[in-house]
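Subject: Structure handover

Hello,

Please open it first, then read my notes below.

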Amino acid sequence: MKGIKKLIISLLALVMVMGASMTAFAAGKGSITISNAKKEQVYNAYRVFDYYAADEGTNGANMANGGIYKLSNKFAGFKYDSVFSVGDGGILAFTDTFTAVDENGQPTAAAQALVADFGKAVLAYAAEKKIAPDGTNTQGGSDATEEAPLTISGLEYGYYVVDSSLGSAVAVNTTVPNAVIEEKNDVPDLDKKIQEQQGENVVDLTGNDAQIGDVVNFAVTAQLKKGGENYEIVDKTTEGLDIIDGSFDISFKTVEVAHDAVSVNTDKHGFSLKFTAVPSEDTVCTVKYQAKVNVSAKISPETNDNEAYLKYGHDSETTHKITKTKTYPVLLKKVVGDTDTVLAGAHFNIYRKSDNTLVHFTKKNENGTKYVVDPAGSVTDIVTVDAGFITLDGFDAETYVFVETQAPVGYNLIVADEAYTLPDKTTTVHYQEGTVTTTATLSEPYVVTVKNYTGSLLPSTGGVGTTIFYILGGILIVAGAAYFIVRRKANAE
């Protein structure tokens with residue numbers, strides 16, 4: 001009797017201190033209420049020990065009068081020698097450490113640690129044996145930070161371990177059928193952003209524009225909570241983004257939490273970061289890394305997505321955060337004069353104006369009407385063909401320079417108002433600029449129309465032009481007048 005009372009008093013104190021799991025007693029129906037259950041978290045109650053009161057009539061009133069504990073049928077094979085042993089008739093005897101309290105009636109530090117370990121062992125056993133909980137409930141709520149009472153009812157009286165999907169669980173007890181415990185764990189969170197240099201500042205974005213071959217900088221920020229378990233950052237990309245292994249930088253805002261090395265998927269389209277320790281206090285982990293836009297990138301209006309979330313507790317996940325990277329199509333229309341007639345045989349080099357780099361391509365079809373930007377591509381000379389206008393995929397939303405290096409036979413090269421300096425420091429006036437817009441899509445690409453005209457290039461106003469003919473004509477007139485005057489003078493003499 002004294003041992004049972006000591007256990008009840010000790011574990012009742014633990015409900016005040018630890019507050020993650022608890023007991024109600026056999027021979028009746030009870031409930032466990034989590035006073036501050038977290039939004040969208042699942043709470044499961046596992047009855048580990050059945051309680052048999054010495055006097056069944058006292059179950060609903062004063063259960064401290066005495067009784068015995070036995071392992072519940074589901075946990076018949078469970079052993080934890082530092083907490084209990086099984087005696088005659090299956091009656092449990094509990095260790096002094098498990099039930100120890102200090103002079104103030106509070107559980108000792110050793111008892112608290114043992115209870116916490118015991119709770120985890122119970123949950124591990126339940127998971128291994130696929131034991132269903134005796135009661136479960138989920139806290140709803142519209143506010144992401146909302147807390148509300150949540151009751152698991154209809155429970156047989158006994159010793160329960162209450163498991164929160166946040167991860168932590170300890171065993172506690174109570175002397176009344178309807179017990180109240182407090183959730184001591186907070187819900188973690190995760191955010192994901194693209195980091196882009198704009199002038200002197202680095203800005204966080206949820207989406208960006210890029211040319212195939214560009215490197216995109218990402219930052220994942222995980223809010224890890226004190227005592228949280230089974231934390232793992234998971235990141236996945238679509239096939240148009242290759243994660244650059246070796247680009248990772250991991251930092252912590254307050255305390256560092258032990259973790260495995262970053263594990264990048266073999267296809268380079270994702271990674272994971274597992275934490276091997278429980279945070280000793282709230283902290284923030286930031287993972288910065290890079291990914292390259294590749295030739296498999298989806299073209300606008302489709303997006304190249306990067307998704308990240310945080311696993312925690314028992315199969316729980318934070319809201320998935322997604323960034324979107326877009327790249328755009330261009331339609332190069334080489335036409336005869338002011339018509340819409342395709343003009344074949346024109347040659348173009350295309351330069352990205354922001355860094356004056358020559359754009360490389362890979363041809364995507366046999367008739368030469370479709371190309372994709374490819375830093376490793378062998379094509380830099382785009383030649384117009386009779387089969388149709390040229391589609392070029394994979395541009396950023398910025399200005400490009402289309403330099404005509406050769407005009408079709410019988411046609412003039414295009415001429416700009418001022419010279420453009422090429423990477424080799426030479427200049428050309430035979431080009432046309434085009435600024436790709438974010439409205440460009442596969443069905444309505446950004447159009448660059450280049451018009452060619454036939455005939456010789458005639459001098460324009462201000463050049464030598466016909467002036468030479470006026471000068472020559474003037475000289476002849478003056479010479480003729482002089483000759484006439486001289487002849488008249490000679491005849492007069």
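Two strands count as paired if DSSP finds at least two bridges between them. With that rule, five strands form an open sheet, in the order β25-β26-β28-β22-β33. The pairing in this sheet is mixed. Its edge strands are β25 (361-363) and β33 (446-452), and each of them pairs on one side only. On average, neighbouring strands here are turned by 25° against each other, with direction ignored.

Lys-370 sits opposite Thr-391 of β28.

Before you go further, note that this is a predicted model. The mean pLDDT of the protein chain is 84, and 81% of its residues reach 70 or more. Two stretches need a flag. Residues 8-27 have pLDDT below 50, yet the model gives this stretch 106 contacts beyond near neighbours in sequence. Residues 457-472 are also below 50, and that stretch has two such contacts.

Next, strand β21 (residues 321-326). Which strands does β21 pair with? One is β11 (residues 207-209), in the parallel sense, over three bridges. Here Gly-207 stands opposite Lys-324 of β21. Another is β19 (residues 304-312), which runs antiparallel to β21 and is joined to it by five bridges. In that pairing, Ala-308 faces Lys-321 of β21. As background, strands of a sheet pair through backbone hydrogen bonds, either parallel or antiparallel.

Most residues other than glycine have a negative phi, and most peptide bonds are trans.

- Ser-300 to Pro-301: the peptide bond is cis, with omega near 20°. Pro-301 is in the loop between β18 (283-293) and β19.
- Lys-130: phi is positive, about 55°, and the residue is not a glycine. Lys-130 lies in the loop between α3 (109-128) and β6 (135-138).
- Asn-356: phi is near 55°, again positive in a residue other than glycine. Asn-356 lies in the loop between β23 (347-352) and β24 (357-358).

Is Lys-130 buried or exposed? Exposed means over 50% relative accessible area. Lys-130 has 74% relative accessibility, so it counts as exposed.

Best wishes

Key
Residues numbered from 1 in each chain as written. Predicted model: local features only at pLDDT ≥ 70, side-chain atom pairs only at ≥ 80, totals over all residues. Heavy atoms only, no water. Helix = DSSP H or I, 4+ residues; strand = E, 2+ residues; numbered from the N terminus. pLDDT = per-residue confidence, 0-100. Contact = heavy atoms within 4.5 Å. Axes fitted to C-alpha atoms, helices over the stretch in contact; angles between N-to-C directions. Buried < 20%, exposed > 50% of the residue type's maximum accessible area, 1.4 Å probe, protein only.
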